[in-house]
Amino acid sequence: MSARRKRKTPARGWPVAAAGVFLAVFCFWYAMFKLVEAMDAREGTMLLATGYCNCGECCGWTRGEDGVAVYSYGEMKGRPKEIGRTSGGTIAKHGTIAADPAVFPHGTVIRVPGYGEGVVEDVGGAIKGNHIDLWFPSHGAAKRWGARRVKCIVREPMPNAAKAR
Ligand SMILES: [Zn+2]
């Protein structure tokens with residue numbers, strides 16, 4: 001009969017072997033990829049980090065006719081505001097972080113790449129969920145930080161964090 005019908009075992013065997021090797025390599029690579037992904041997820045929490053300072057624009061206060069600082073909006077509107085005092089009662093400084101207390105309670109330690117380690121001591125009307133606000137000594141410095149998505153190390157349990165994701 002025709003030679004075309006003859007099986008050419010070596011010619012068929014190589015592609016199968018190559019596909020097998022490719023599949024094995026792919027599975028190994030995929031497993032490693034997933035492993036690294038899982039380790040990353042455990043090591044860091046992706047947060048939106050913005051910057052703020054003590055100014056009226058950042059902290060929602062304005063000066064009345066007598067020069068006294070008062071809250072400019074919210075349920076405290078018109079009430080005296082102590083500039084630079086956090087909701088936790090501490091003096092705002094580098095390392096002060098404002099966060100959603102339902103996600104990161106006061107006292108939570110968060111290491112923020114590019115900023116350093118800080119402690120949640122403050123809250124903010126617009127700071128909800130996995131969004132934190134970092135204190136800077138000037139409005140310019142806060143603006144220069146801008147808004148960044150950074151992988152942070154959270155050093156205290158945050159039982160409600162999953163809800164906010
Ligand atoms: Zn400011």
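Figure 1. The closed barrel has 6 strands, in the order S1-S7-S4-S6-S5-S8, and its pairing is mixed. Strands pair here if DSSP finds at least two bridges between them. Neighbouring strands of this sheet are turned by 45° against each other on average, direction ignored. Those axes are lines fitted to C-alpha atoms, and angles run from 0 to 180 degrees between N-to-C directions. The model is predicted: local features need pLDDT of at least 70, side-chain atom pairs count only at pLDDT 80 or more, and totals for chains, interfaces and linings use all residues. Residues are numbered from 1 along each chain as its sequence is written.

**Figure 2. The whole chain in outline.** There are 4 helices and 8 strands in the chain. Helices (H or I, at least four residues) and strands (E, at least two) are DSSP runs, numbered from the N terminus. From that end, the order is α-β-α-β-β-β-β-β-β-α-β-α. Of the 165 residues, 21% are buried. A buried residue has 20 or more other C-beta atoms within 10 Å of its own, with C-beta atoms placed from the backbone. Among contacts with a separation of 6 or more, 61% link residues 24 or more positions apart. Contact means that the C-beta atoms of two residues, placed from the backbone, lie within 7 Å.

**Figure 3. Strand S6 and its two partners.** Strand S6 covers residues 116-122; 5 of its 7 residues are buried, so the rest of the structure largely encloses it. Strand S4 (residues 96-98) pairs with S6 in the parallel sense, over 3 bridges. Here Ile 97 has Val 120 as its bridge partner. Strand S5 (residues 109-112) runs antiparallel to S6, joined by 4 bridges. Ile 110 is bridged to Gly 118 of S6. The hairpin of S5 and S6 has 3 residues between the strands, and Gly 114 takes a positive phi near 90°.

**Figure 4. S1 beside S7.** These strands are parallel and share 5 bridges. Gly 51 stands opposite Leu 134 in S7.

**Figure 5. The largest nonpolar core.** This core holds 24 residues; Ile 97, Ala 99, Ile 110, Ile 132 and Leu 134 have the most contacts inside it. S1 (45-52), S4, S5, S6 and S7 (131-135) each supply at least two of its residues. A nonpolar core is a set of buried Ala, Val, Leu, Ile, Met, Phe, Trp, Tyr and Cys residues joined through C-beta atoms within 7 Å. Leaving aside neighbours within four places in sequence, Ala 99 touches Phe 104, Val 120, Ile 127 and Ile 132.

How values were computed:
A residue is buried if 20 or more other C-beta atoms lie within 10 Å of its own, exposed if 12 or fewer, and partly exposed in between; C-beta atoms are placed from the backbone.
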